[in-house]
Amino acid sequence: MVGPGLYTEIGKKTRDLLYKDYQTDHKFTLTTYSSNGVAVTATSTKKADLIFSEIHSQIKNKNMTVDVKANSESNIITTVTVNEIATPGLKTILSFAVPDQRSGKVELQYLHDYAGVNASVSLTANPVANLSAGFGTKALAVGAEISFDSATGNFTKYNAGLMFTHEDLIASLNMNNKGDNLTGAYYHKVSELTNTAVGAELTHSFSTNENTLTFGGQHTLDPLTVLKARINNSGKASVLIQHEWRPKSLVTISAEVDTKTIEKSSKVGIAVALKP
């Protein structure tokens with residue numbers, strides 16, 4: 001990606017470092033591929049005493065991708081994505097869920113060297129419209145997103161952000177939750193050889209006057225094993241180890257503990273993802 005990307009790219013490196021793959025549930029994922037190119041992924045997640053399951057099928061044909069998901073709550077979600085339609089960089093996405101008749105949505109994404117735009121509208125009598133955009137270069141980008149509910153005539157979302165990137169350093173600033181939360185994030189790649197990185201995120205809530213600080217890092221122990229850790233100012237600490245025991249197949253073990261009540265609050269999650 002040469003340009004600034006979509007608005008969601010602002011602060012994404014730090015968010016992935018601090019939150020991606022951490023979980024305290026038990027999750028198993030199995031992916032298979034048929035001879036005609038259809039990918040089928042079965043996922044089962046155990047949360048406390050409840051088990052949630054999902055079947056995801058994906059088929060690609062030239063510039064079109066069709067995704068169908070069916071879950072244990074009897075919902076079927078279909079997403080049709082068409083890339084490079086009409087002009088380079090333009091993507092069209094149509095999604096809907098059964099039996100929810102109000103779930104239909106049309107989305108357009110456009111990526112340019114100096115801009116990334118995402119627009120969507122729900123296919124209902126009183127649609128909800130969303131628009132987000134990022135402008136600039138790979139070094140400096142600014143962006144904003146808004147959401148308008150035509151049923152109430154109100155803006156349900158308006159956020160803004162900016163991001164600065166320089167070699168192995170990324171800094172971002174986001175105004176979220178209708179201007180109530182201000183989040184500053186920092187990411188630094190310490191070593192390219194060992195994929196070692198550190199990052200921090202500080203969020204201030206103007207309505208409650210509270211601050212939340214999270215600090216974390218990652219380090220590659222060997223070419224197949226990654227270690228991650230994080231801690232926040234509330235005393236919650238998490239550690240994660242992820243091992244690729246065969247190509248594209250991962251085993252992830254993560255643990256979370258409240259350092260203020262270590263004996264009562266420890267949680268462990270395991271995720272296994274198998275691919276041929």
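**View 1. Lys62 in the loop between S3 and S4.** Lys62 counts as exposed, at 81% relative accessibility. Exposed means over 50% relative accessible area, buried under 20% and partly exposed in between, with a 1.4 Å probe and protein chains only. The phi angle of Lys62 is near 55°, a positive value in a residue other than glycine. Helices (H or I, at least four residues) and strands (E, at least two) are DSSP runs, numbered from the N terminus. This is a predicted model, in which local features need pLDDT of at least 70 and side-chain atom pairs count only at pLDDT 80 or more, while totals for chains, interfaces and linings use all residues. Residues are numbered from 1 along each chain as its sequence is written, and side-chain values use heavy atoms, with hydrogens and water left out.

**View 2. Ala48 in the loop between strand S2 (39-47) and strand S3 (50-61).** Ala48 has a phi near 55°, which is positive although the residue is not glycine. Its relative accessible area is 62%, so Ala48 is exposed.

**View 3. Ala70 in strand S4 (residues 64-71).** Ala70 is partly exposed, at 31% relative accessibility. Contact means heavy atoms within 4.5 Å. Apart from neighbours within four places in sequence, Ala70 is in contact with Ser53, Glu54, Ile55, Asn75 and Ile76. Phe135 lies 65 residues from Ala70 in sequence and 37 Å from it in space, C-alpha to C-alpha.

**View 4. The cis peptide bond between Val98 and Pro99.** Omega of this bond is about 15°. Pro99 is placed in the loop between strand S6 (90-98) and strand S7 (105-112).

**View 5. Helix H1 (residues 12-19) and its buried residues.** Thr14, Leu17 and Leu18 are the buried residues of H1. They span an arc of only 90° around the axis, which puts them on the same side of H1; the arc is that of the directions from the helix axis to the C-beta atoms. The elements covering these buried residues include strand S13 (181-191), strand S14 (196-205), strand S15 (210-222) and S16. Asp21, whose phi is positive and near 75°, follows H1.

**View 6. The salt bridge between Lys12 and Asp16.** A salt bridge is a side-chain nitrogen of Lys or Arg within 4 Å of a carboxyl oxygen of Asp or Glu. The structure holds 3 of them. In the pair Lys12 and Asp16, the closest N and O atoms are 2.7 Å apart. The two residues are 4 residues apart in helix H1 and therefore separated by about one helical turn. Lys12 is partly exposed, at 32% relative accessibility, and Asp16 is partly exposed too, with a relative accessible area of 27%.

**View 7. The salt bridge between Lys189 and Glu192.** The closest N and O atoms of this pair are 3.8 Å apart. Lys189 counts as buried, at 14% relative accessibility, whereas Glu192 is exposed, with a relative accessible area of 64%.

**View 8. The salt bridge between Arg230 and Glu256.** Here the closest N and O atoms are 4.0 Å apart. Arg230 lies in strand S16 and Glu256 in strand S18 (residues 249-258), so the pair ties together parts that are 26 residues apart in sequence. Arg230 counts as buried, at 17% relative accessibility.

**View 9. Lys228 in strand S16 (residues 225-232).** Lys228 is buried yet has no salt bridge. The nearest side chain of opposite charge is that of Asp21, 5.1 Å away; Lys and Arg count as positive and Asp and Glu as negative, with His and the chain ends not counted. The Lys228 side chain reaches the backbone oxygen of Leu17 at 3.2 Å. Beyond neighbours within four places in sequence, the residues in contact with Lys228 include Asp16, Leu17, Lys20 and Tyr22, as well as Gly217, Gln218, Ser238, Val239 and Leu240.

**View 10. The largest nonpolar core.** A nonpolar core is a set of buried Ala, Val, Leu, Ile, Met, Phe, Trp, Tyr and Cys residues joined through side-chain atoms within 4.5 Å. The largest has 7 residues: Tyr7, Ile10, Leu17, Met163, Ile170, Tyr187 and Ala197. Not counting residues up to four places away in sequence, Met163 touches Glu9, Ile10, Gly11, Ala139, Leu140, Ala141, Ile170, Ala171 and Ser172.

Terms used. A polar contact is a pair of N or O atoms within 3.5 Å; within protein, one must be able to donate a hydrogen and the other to accept it, and residues adjacent in sequence count only if both atoms are side-chain atoms.
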